[in-house]
Amino acid sequence: MTAQVQTYDYFVNGKWTSGSSAERFELRNPATDEIIGKIPRAGKEDVNEAVEVARKAFESSAWHEMEQTKRGKILMQIATLMRQNFEDIAKLETLNQGKPIRESKGDVAWAIRAFEYWGGAADKIQGETIPVTPNRLTYTLREPLGVTAHIIPWNYPLALATRSLAPALAAGNAVIAKPAELTPLTLLRVAEYGQKSGLPDGVMNVITGSGAVAGRALVSHPDIDGITFTGSTETGRQIMETAAKNITPVLLELGGKNPNIVFPDADFQRAVQMAKYAIFTNAGQMCWAGSRLFIHTEIYDKFLTELKKQTELIKIGPGLDEKTELGPMVSKDQQERVMGYIRSGIEDGARLLTGGQVPDETTLRKGFFLKPTIFTDVKATMKIGCEEIFGPVLTVFKFSSAEEVLRMANESQFGLYAGVWTNNLKVANQLVTQLQAGVVAVNDYLVAYPQTPFGGYKDSGIGYESGLQAVSHYTRIKSVTVNVS
Ligand code: NDP
């Protein structure tokens, strides 16, 4: 069956538009390589226009001076429309990004919760009074930044967009989002729901185009008041350099090479199951993937035998098939990039325990699939041992003490997420306090809620998304003193 090719526009000033360029980018279904749609490639002029529109929308004060409770209700209404169209949005995410439908449903549910959370938080964004001297009243006002730019990656197209757009909107900003060129469809849908829910025109804009042109034009624009970026450390670094020219604040959530550490006293079956889940969810295309598995020597052989067995049972297939556990990678480029890492792992002398190839089934041949892959005998100096692979490739290490594993786990340029599996409170606490990671899960993995801060140490980023703390990235403080004598 040939998929229907749909022509999409992007969304600026409350309207669909194709911008000034006749050029359109082809979107593909990663499971079949079929073209499913075409979207405009916005140029610099189009980005300038979007920024002008957003600035006008911000200055009109219809949004940032709206009663905060009312602002929150509009965000709640977006969540309601998303809930009413839940199945459709999830299918669209899978069609465009490739992930199993069960995962897309989880992402859409997460995005709905984020709008609800920030809808509820909108009228709790407040300043404070500060005691100084008896004749002075000092207080702070929390003001929106103005126009914020949001650069969104392709691994969680809707959830990661919502994670930053919802707090920015709750705080009263006008926003411009640039989704990854590969995966714009669900966010475009939500932009329309924003309009239907009562967002004033120009408050939420979604512009499509490449990172190199539209993304760059957006983050270098002098009239942008804040930038939020999730993606590779390299692009994050470039964005930070660009932002420095305009002294624009940045919030960066970048790569990870996250340790997932299993001690002998952990719940064995759950730890195996979650080690698998931590790396093969979303075909491993996750900044928070548990991509470095550390297994204690006492259980090393038994654990690996069970993990290999379970990994080889994973059902690979198109994401829209309800039975699929591992979908395709997002693009041919990403599949080839990850195959390059697999080749380098073999050349560097790591042992390929399972996977390492595209699946044999003819039905999967056109898609960007890759078998779930496990390497053992990995060293931290190998490319596969230290770089972010961003694919279904697990690297395994052995350790014999908490001190040793702490040293190995922290021996990384990254510091985003970490998992610790033990029932020994003392050991758990030692690792929680000494692991260099912004987020740590004990006897769990891949847990993040709209209400929990999420951000990285070291090259994994600057600042925190989610949780009430995120407000500080979308507001500035004005300190006021009134002489009341
Ligand atoms: P990028 O970091 O280059 O892309 C992420 C987003 O940034 C996309 O929207 C992209 O647009 C945009 N972008 C790219 N260059 C610029 C720029 N100069 N200015 C502004 N925006 C820009 O990642 P890739 O998609 O190239 O993936 C490469 C690797 O990055 C992955 O293999 C993975 O290791 C890592 N990555 C990490 C993610 C995370 O969650 N931390 C998410 C995605 C990737 P467009 O795609 O349209 O060109």
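Q: How many bridges pair strand β7 with β23, and in which sense?
A: Strand β7 (residues 136-144) and β23 pair over nine bridges in the antiparallel sense; strands are DSSP runs of E with at least two residues, numbered from the N terminus, and two of them pair if DSSP finds at least two bridges between them. The model is predicted: local features need pLDDT of at least 70 and side-chain atom pairs pLDDT 80 or more, whereas totals for chains, interfaces and linings use all residues. Residues are numbered from 1 along each chain as its sequence is written, and side-chain values use heavy atoms, without hydrogens and water.

Q: Which residue of β23 is the bridge partner of Leu137?
A: That partner is Val482.

Q: What is the strand order in that sheet?
A: The order is β6-β7-β23, an open sheet of three strands with antiparallel pairing. The edge strands, β6 (129-130) and β23 (475-483), each pair on one side only.

Q: Turning to the ligand, which residues are closest?
A: Ile152, Trp154, Glu181, Ser232 and Arg337 are the closest of the 27 residues that surround the ligand, each with a heavy atom within 4 Å of it.

Q: How do the residues of that shell divide?
A: Ten are nonpolar, eleven polar and six charged, with Asp, Glu, Lys and Arg counted as charged and Gly as polar.

Q: How much of the ligand's accessible area does the protein cover?
A: The protein covers 86% of the 870 Å² that the ligand has on its own, by the Shrake-Rupley method with a 1.4 Å probe.

Technical notes. Helix = DSSP H or I, 4+ residues; strand = E, 2+ residues; numbered from the N terminus.
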